[in-house]
Amino acid sequence: MNPQLSEALGLAGVFGALIRPLLVAIILFALWQALARTNLGSWQRLLGWTAVAAALILWLTLVWTLALQGGFVPEPGTPRLLQIVVVLVPMIILIIISALTLLTRSQTVAAAVDAAPLWWLIAYQMFRVNGGVIFLPLWYYGFLPGFFALPAGIGDTLTGLFAIVAVVALWRDAPLARPLAYAVNVFGMADLIYAISMGVTSTLTSTTAEVSPIVMYPLIMVPAFGVPLAFVVHCLSIWQLRRRGRVALNGQFALQKS
């Protein structure tokens, strides 16, 4: 392997090894605190939290183990279309759909979402302010094409910065806080979709016989874990904003009638 590529991947690996468990721990801590704000029984809160914790930890452990073992690196001669479009993209879509279906149909999760402050879910996206740390060095050394790495790195950084602004606005209950929160979610989701699309395109259009760094560890952890999780959190934030908006509207209607 090229020494510069090895160094860049090594730095990304260290960063990811620190940030991924931390993000999972933050999510589980926030969920526990949100459940404590609900009127649910202690047993129901514990069961709901344990189910989410088990799913998150199992998902991270499985993907991380496969990535370290080179489970996502294709065999020599495997068509690029097969290794990316037929394997990776359906996996991402399946994870997102399954997670959102289970979470939004859970009364326990719904109660936690209703009880949590609006800025909590937006705050998760602030970690993406470091998006350029992973992709930009690989673009600089020529290992990733600019049409993929630059928008992916810059888009993540902008999402993180916008999330910080939205968190402050929601925390202070600023007049345009909720529209700003919607905008951050939409922008962040669009960035994730664009990044995955361009990642697939860059792999399919590559003219070299070398394996793309995108399917190597640690970069494979981004589409296999980071992107689906961030997308699910975006969707939950929009769901929370809509639910909270309906409650506010119904409360205002009841006040007017009285």
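This is a predicted model: local features need pLDDT of at least 70, side-chain atom pairs count only at pLDDT 80 or more; totals for chains, interfaces and linings use all residues.
Residues are numbered from 1 along each chain as its sequence is written. Local features require pLDDT of at least 70 and side-chain atom pairs pLDDT 80 or more, while totals for chains, interfaces and linings use all residues, and side-chain values rest on heavy atoms, without hydrogens and water.

The protein contains 10 helices and zero strands. Its pattern along the sequence is α-α-α-α-α-α-α-α-α-α. Helices are DSSP runs of H or I with at least four residues, strands are runs of E with at least two, and both are numbered from the N terminus. Of the 258 residues, 44% are buried. Buried means under 20% relative accessible area, exposed over 50%, and partly exposed in between, with a 1.4 Å probe and protein chains only. The exposed surface comes to about 13800 Å², and carbon and sulfur atoms supply 70% of it. Areas were computed by the Shrake-Rupley method with a 1.4 Å probe. A contact means heavy atoms within 4.5 Å. Among contacts with a separation of 6 or more, 83% join residues 24 or more positions apart.

Two packed helices are described by the angle between their axes and the distance between the axes. Axes are lines fitted to C-alpha atoms, for helices over the stretch in contact, and angles run from 0 to 180 degrees between N-to-C directions. Helix H7 (residues 132-140) and H8 cross at roughly 155°, and their axes come within 8 Å. H7 and H8 are therefore roughly antiparallel, a term for angles over 145 degrees. H7 passes H8 in a left-handed crossing, in which the near helix is turned anticlockwise from the far one by less than a right angle. From H7, Gly132, Phe135, Leu136 and Trp139 meet residues of H8 including Gly146, Phe148 and Thr157. This contact has seven nonpolar, four polar and no charged residues. Nonpolar covers Ala, Val, Leu, Ile, Met, Phe, Trp, Tyr, Cys and Pro; charged covers Asp, Glu, Lys and Arg; the others, Gly among them, are polar.

Helix H8 (residues 146-171) also packs with helix H9 (residues 177-204), at an angle of about 165° and with the axes 9 Å apart. H8 and H9 are therefore roughly antiparallel to each other. The crossing of H8 past H9 is left-handed. By class, the H8 contact with H9 has 19 nonpolar, six polar and three charged residues.

Thr159 lies in helix H8. Thr159 is buried, with a relative accessible area of 0%. Leaving out residues up to four places away in sequence, Thr159 touches Gln125, Arg128, Val184, Phe187, Gly188, Asp191 and His234.

Definitions and conventions
Angles under 35 degrees count as roughly parallel, over 145 as roughly antiparallel, 65 to 115 as roughly perpendicular and the rest as oblique.
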